[in-house]
Amino acid sequence: MRDNEIQAAWHGLSSCERCSIRDLVLFADLANNDFSTIHLPIEDIWLPPGAALYQPGQAASALFTVREGVLKLEQYLPDGSRRIVSLVTQGDIAGLEASVSDVYEHAAIALQPVKVCRIPKEVVARLSPQLHRQLMKKWHEAVQRSHECTRELSTGSARQRVARLFLMLAPLSAVKCRLFGREDVGALLGITTETASRTVAEFKRGGIVQELAPNMFLRNLAALDKMASEG
């Protein structure tokens, strides 16, 4: 992480207890008295789009709960190219491998403005009995998300893939979502940047999505669901 990319601040353990997404995150099962055993700082970290949270081979010193935004997990291939293997969104854990490995396996790059909580691996080790269920749950969710990206975002027509991405970027209970740059959309979906741009523009013209602000979209969920299924 570069200092000019990321601003980090200690926010206090009381913030963990009051966290608005605590039921979604690693500390969901902790009782209030469990927080008294945490003696290392839990940091709030902000990343602008394009900033790296960590790189493959970097010492795995912490796990990261995503509170806002989306990260892409990239794998660097022998020919120098990069492959997006999964997305990490609100409530997910980036760097789960830190609980069992000394180094990170992927690059974690912000696709949008991202806010994460940095949890030192020593804290996770100390609270291991209390966190066991949530750790297993987060591992399972990570595997599911990776499979979902492979299954939903790399098969079908470009229109189907873009529609599925719009559906994936926010809960179905929300009508708005934030997209990211078309180059990353193309890389994630296995289509060209031009095809990604053209397909999003087509969706806008057809009223399937409405761009409220740069990369902030209002979703027609019924139309997207139909497009995702039919192409």
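Q: Leaving aside its neighbours within four places in sequence, which residues is Leu-165 in contact with?

A: In this predicted model, once the neighbours within four places in sequence are set aside, Leu-165 is in contact with Leu-87, Leu-153, Leu-179, Phe-180, Val-185, Leu-188 and Leu-189.

Q: Which core does Leu-165 belong to, and how many residues does that core have?

A: In soluble globular proteins, nonpolar side chains tend to be buried together. Here the largest nonpolar core has 30 residues, and Leu-165, Phe-166 and Phe-203 are those with the most contacts inside it. Two or more residues of this core come from each of β6 (82-88), α3 (128-153), α4 (158-168), α5 (182-189), α6 (193-205) and α7 (221-230), and α4 gives the most, with 6 residues. Another core, of 29 residues, lies apart from this one, and includes Ala-98, Tyr-104, Val-123 and Leu-135.

Q: How many of the residues of α4 are buried, and which are they?

A: A residue is called buried when its relative accessible area is under 20%. In α4, 9 of the 11 residues are buried, so the helix is largely enclosed by the rest of the structure. The buried residues are Gln-160, Arg-161, Val-162, Ala-163, Arg-164, Leu-165, Phe-166, Leu-167 and Met-168.

Q: Why does Gln-160 count as buried, and what does its side chain reach?

A: Gln-160 has its place in helix α4, and it counts as buried because its relative accessibility is 12%, which falls under the 20% cut-off. The side chain of Gln-160 reaches the backbone nitrogen of Ser-157 at 2.8 Å.

Q: Where does Leu-169 lie, and is it buried or exposed?

A: Leu-169 lies in the loop between α4 and β10, and with a relative accessible area of 11% it is buried. Setting aside the neighbours within four places in sequence, Leu-169 is in contact with Cys-177, Arg-178, Leu-179 and Phe-180. For one of these residues, Leu-179, the separation from Leu-169 can be given in two ways, as 10 residues in sequence and as 7.5 Å in space from C-alpha to C-alpha.

Q: What is the volume of the largest pocket, and which residues are closest to its centre?

A: The largest pocket has a volume of about 480 Å³. It is lined by 19 residues, of which Thr-89, Gln-90, Leu-169, Ala-170 and Pro-171 are the closest to its centre. At least two residues of this lining are supplied by each of β4 (62-68), α3, α4 and β10 (176-178), and the largest share, 3 residues, comes from β10. By class, the lining of the largest pocket divides into 9 nonpolar, 4 polar and 6 charged residues.

Notes
Residues numbered from 1 in each chain as written. Predicted model: local features only at pLDDT ≥ 70, side-chain atom pairs only at ≥ 80, totals over all residues. Heavy atoms only, no water. Core = buried A, V, L, I, M, F, W, Y, C linked by side-chain atoms within 4.5 Å. Buried < 20%, exposed > 50% of the residue type's maximum accessible area, 1.4 Å probe, protein only. Helix = DSSP H or I, 4+ residues; strand = E, 2+ residues; numbered from the N terminus. Contact = heavy atoms within 4.5 Å. 1 Å grid on protein atoms, 1.4 Å probe; cavity = no way out; pocket = protein on both sides within 12 Å on 5 of 7 lines; lining within 4 Å. Points joined across faces, edges and corners; volume = space filled by probe spheres on them. Nonpolar A, V, L, I, M, F, W, Y, C, P; charged D, E, K, R; others polar. Polar contact = N/O pair within 3.5 Å; in protein donor to acceptor, adjacent residues only side chain to side chain.
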